[in-house]
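Dear colleague,

Please find below the structure that I am handing over to you. My findings follow it.

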Amino acid sequence: MIQFEVAGQKDTRSGFGDGLLEVAKRNDKVVGLCADLTGSLKMNGFKNEFPQRFFQAGIAEANMIGMAAGLATGGLIPYTGTFANFSTGRVYDQIRQSVAYSHKNVKICASHAGLTLGEDGATHQILEDIGLMKMLPNMTVINTCDYNQTKAATIAIADHDGPVYLRFGRPKWPIFTDENQTFEIGKAWHVNEGSDVSIIATGHMVWKSIEAAQILAEKGISVDLINIHTIKPLDDEAILKSALKTRCVVTAEEHQMNGGLGDSVAQLLGRKLPTPIEMVAVNDSFGESGKPLELLEKYGLSTDSIVEAAQKAIGRK
Amino acid sequence: MVHAVQSGHPGGSLGCTEFFVAMYFNVLDYQAKPFSKTGENEDVFILSNGHISPVYYSTMARAGIFEVNELNTFRKIDSRLQGHPATEEGLEGVRIASGSLGQGLSVATGVALSKRVKGDDHWVYCLCGDGELQEGQNWEAIMFAGHNRVDNLILTVDFNQQQIDGSTVDIMGFSELGSKFEAFGWKVLSMNGNDLSDVLSTMREAQAAGKQGQPVAIIMRTEMGNGVDFMMGSHEWHGIAPNDEQLESALAQNPETLGDY
């Protein structure tokens with residue numbers, strides 16, 4: 001098992017804020033919109049450096065998405081910023097018609113996704129957004145796992161001509177990916193080579209999966225660990241190759257089981273390579289108030305849940 | 001077009017015919033060919049009430065943006081002329097899909113902002129329906145454009161006072177619509193949309209009123225189904241097609257009909 005050095009803890013949303021500032025310096029077509037959450041989205045650096053390219057939409061997300069579609073029509077590259085809940089469910093029809101169907105080069109950047117939003121509770125803890133967004137034709141869906149990956153993804157998506165949903169979160173989280181990485185949309189990161197079970201993880205659950213793989217390694221179980229940061233388009237090849245080798249799969253994500261990464265992986269395996277699969281995800285319920293780690297524990301998204309799922313998957317081979 | 005496929009929206013289309021002719025043959029500063037997707041360095045028109053696609057397509061074809069005979073394909077399988085306008089098949093002239101109501105003014109505001117960022121002093125025009133103003137997103141955009149002084153934006157509201165279920169007066173009235181816009185910081189004009197000379201002069205007036213710190217709204221009174229006696233004064237012709245007999249009667253009332261496709 002590869003040992004990862006943790007380079008401190010930082011929130012993924014800061015990766016977005018720092019990435020936005022950097023990509024805006026490189027590309028003068030990048031503009032930003034925010035719906036009254038500039039501080040939470042860490043967009044102040046961009047806003048202060050490029051005030052003429054920042055638009056405060058107020059608490060009016062539908063108009064923000066529509067204006068982003070208009071800015072893209074005019075040839076610019078708009079990044080919208082608000083919480084994941086207000087970036088998706090609240091504005092689904094606006095995204096569907098004005099962005100996805102209209103092929104607009106809009107980057108929908110969504111913070112505070114999932115349970116780890118914490119104390120604000122279920123109204124804000126969206127667990128359905130990946131499903132909502134991956135169902136839309138033309139939409140690319142990305143869920144990053146740490147500060148460095150989020151920063152790299154924020155920069156990379158400017159070069160992709162088309163709508164993107166970029167999902168990240170609120171809590172401080174271990175930084176374990178390469179600071180100088182090149183982010184390639186749709187290309188899985190092979191975190192660890194192993195042979196007994198495949199763990200396919202996205203977002204905050206990648207670090208939890210590394211912890212689980214270390215525990216499993218101590219038990220003599222070798223984990224093939226894959227980070228799928230791009231849920232759509234899915235890296236079919238990386239998943240099939242791993243499943244062919246290990247013959248059992250666990251998926252891990254901070255999302256509903258319905259419509260999430262596990263759902264995409266199961267669909268792929270069902271069509272191409274039927275394989276036993278266990279899913280670590282929220283099972284058809286809303287979240288609640290609490291501390292991030294308490295919530296992950298209560299809703300079955302802890303390190304131990306991944307270990308148990310891996311053992312169960314191996315037992316089904 | 002609507003008769004040929006027995007589906008579509010003739011009422012609002014006929015009510016806005018003079019407006020579209022004025023825009024595409026006089027008011028808009030644009031190049032018909034080649035079509036510029038971004039509309040940089042030209043005026044941009046955004047249609048919000050996409051269901052009046054018959055008049056939108058007809059005018060653009062006759063303005064030379066695409067071939068007139070393509071109008072034959074309207075609403076048929078494999079056509080670029082979808083029931084509601086779309087960009088999916090690359091139809092020249094269309095920059096954004098519309099159909100689900102209430103979204104066009106936000107898009108037009110965004111295009112206007114893009115021109116501000118790029119230092120392009122061309123206009124952005126938007127047309128929406130009056131019933132469509134019941135969608136709350138419009139008021140988000142109206143509030144934004146007023147507050148941010150988006151003064152290269154000219155919105156026209158097709159004030160025909162009809163919607164699918166009846167008169168807007170009965171369903172959700174718009175008393176003092178002009179005052180509502182003014183309260184959000186807009187300059188407001190009005191015109192008779194079925195009088196071509198009034199449309200032309202009011203659009204010039206709107207340009208003169210624009211670029212002075214306020215977006216401009218024009219309340220355009222129109223008659224749904226204008227020019228066809230049995231369609232006028234009723235909401236019934238919002239979204240139904242005429243039969244053979246009705247088509248004959250309608251065409252007889254409009255002898256100047258082009259009949260060129």
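Helices (H or I, at least four residues) and strands (E, at least two) are DSSP runs, numbered from the N terminus.

This is a predicted model, in which local features need pLDDT of at least 70 and side-chain atom pairs count only at pLDDT 80 or more, while totals for chains, interfaces and linings use all residues. Residues are numbered from 1 along each chain as its sequence is written, and chains are lettered from A and ligands numbered from 1 in the order in which they are written.

Because 12 of its 15 residues are buried, α5(B) is largely enclosed by the rest of the structure. A residue is buried if 20 or more other C-beta atoms, placed from the backbone, lie within 10 Å of its own. Among the buried residues of α5(B) are Gly104(B), Val107(B) and Lys115(B). Just after this helix, Gly119(B) takes a positive phi of about 70°.

Chain A contains an open sheet of 5 strands with mixed pairing, in the order β9-β11-β10-β13-β14; two strands pair if DSSP finds at least two bridges between them. Its edge strands, β9 (189-192) and β14 (277-282) of chain A, each pair on one side only. Strands β9(A) and β11(A) (residues 223-227) run antiparallel and are joined by 3 bridges, and His190(A) has Ile226(A) in β11(A) as its bridge partner.

Yours sincerely
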